[in-house]
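Trainee: I would like to learn how to read a model like this one. Please take me through it feature by feature.

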Amino acid sequence: LVLGRGAFAVVSAAIFHGRAVAIKTLPHGAHDETRLRALLNELRVLRYIKHPGIVPFFGAVVDPSSDSIALVYEMIRGAQLDLIVAQREPTRLNRFRMVFDISSAL
């Protein structure tokens with residue numbers, strides 16, 4: 001089940017050791033060096049990030065024979081931020097709270 005597609009990766013739902021997870025991979029046929037480097041850079045950064053406002057990162061699966069990598073995250077249930085904003089215009093206070101919450105995670 002595909003949860004979303006971004007500029008360089010696809011996020012899918014999966015089960016890992018009985019736990020719901022989100023798996024980020026490069027799209028099939030899109031394993032170019034630029035996208036692979038972006039995913040590897042994300043992996044390097046994620047090793048050091050632990051914050052209640054950032055989705056927990058469990059680890060990575062690397063297959064050198066096919067130059068593929070998958071990043072494994074905790075599955076977070078709830079509404080997506082872009083859908084919340086698109087459904088209704090947030091109040092000034094809610095916009096401030098969103099910006100503060102996002103900024104505090106950085």
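Trainee: Is Lys-24 buried or exposed?

Mentor: Start with the ground rules. This is a predicted model, where local features need pLDDT of at least 70, side-chain atom pairs count only at pLDDT 80 or more, and totals for chains, interfaces and linings use all residues. Residues are numbered from 1 along each chain as its sequence is written, and side-chain values use heavy atoms, with hydrogens and water left out. Now the term: buried means under 20% relative accessible area, exposed over 50%, and partly exposed in between, with a 1.4 Å probe and protein chains only. Lys-24 has 17% relative accessibility, so it counts as buried.

Trainee: Where does Lys-24 lie?

Mentor: Helices (H or I, at least four residues) and strands (E, at least two) are DSSP runs, numbered from the N terminus. Lys-24 belongs to strand E3, residues 19-25.

Trainee: Which side chain makes a polar contact with the side chain of Lys-24?

Mentor: A polar contact is a pair of N or O atoms within 3.5 Å; within protein, one must be able to donate a hydrogen and the other to accept it, and residues adjacent in sequence count only if both atoms are side-chain atoms. Here the partner is the side chain of Glu-42, at 3.0 Å.

Trainee: How do E3 and E5 pair?

Mentor: Two strands pair if DSSP finds at least two bridges between them. E3 and E5 are antiparallel, over 5 bridges. Thr-25 stands opposite Ala-70 in E5. Strand E4 (residues 57-63) also pairs with E5 in the antiparallel sense, over 6 bridges. There, Gly-59 faces Val-72 of E5.

Trainee: Why is strand E5 called largely enclosed?

Mentor: Count its buried residues. In E5 (residues 68-74), 5 of the 7 residues are buried, so the strand is largely enclosed by the rest of the structure.

Trainee: What should I look for in the backbone angles?

Mentor: Most residues other than glycine have a negative phi. His-17 sits in the loop between E2 and E3. With a relative accessible area of 74%, His-17 is exposed. Asp-67 also takes a positive phi, near 50°, in the hairpin of E4 and E5, which has 4 residues between the strands.

Trainee: Which residues is Phe-8 in contact with, leaving aside its neighbours within four places in sequence?

Mentor: Phe-8 is in the loop between strand E1 (2-5) and strand E2 (10-16). At 25% relative accessibility, Phe-8 is partly exposed. Beyond those sequence neighbours, Phe-8 contacts Leu-26, Pro-27, Arg-35, Ala-38, Leu-39 and Glu-42. Thr-34 is 26 residues from Phe-8 along the chain, and their C-alpha atoms are separated by 9.0 Å.

Trainee: How many residues line the largest pocket?

Mentor: Rolling a probe the size of a water molecule over the atoms shows where empty space is left. On a 1 Å grid over the protein atoms alone, a pocket is an open set of points where a 1.4 Å probe fits, with protein on both sides within 12 Å along at least five of seven lines; lining residues have an atom within 4 Å of a point. The largest pocket is lined by 32 residues, of which Val-55, Ile-76, Ala-79, Gln-80 and Leu-81 lie nearest its centre. The elements giving two or more residues to this lining are E1, E3, helix H1 (33-46), E5, helix H2 (81-87) and helix H3 (92-104).

Trainee: What pattern does the protein chain follow along the sequence?

Mentor: The chain has 3 helices and 5 strands. Their order is β-β-β-α-β-β-α-α. Buried residues make up 23% of the 106 residues.

Terms used: Contact = heavy atoms within 4.5 Å.
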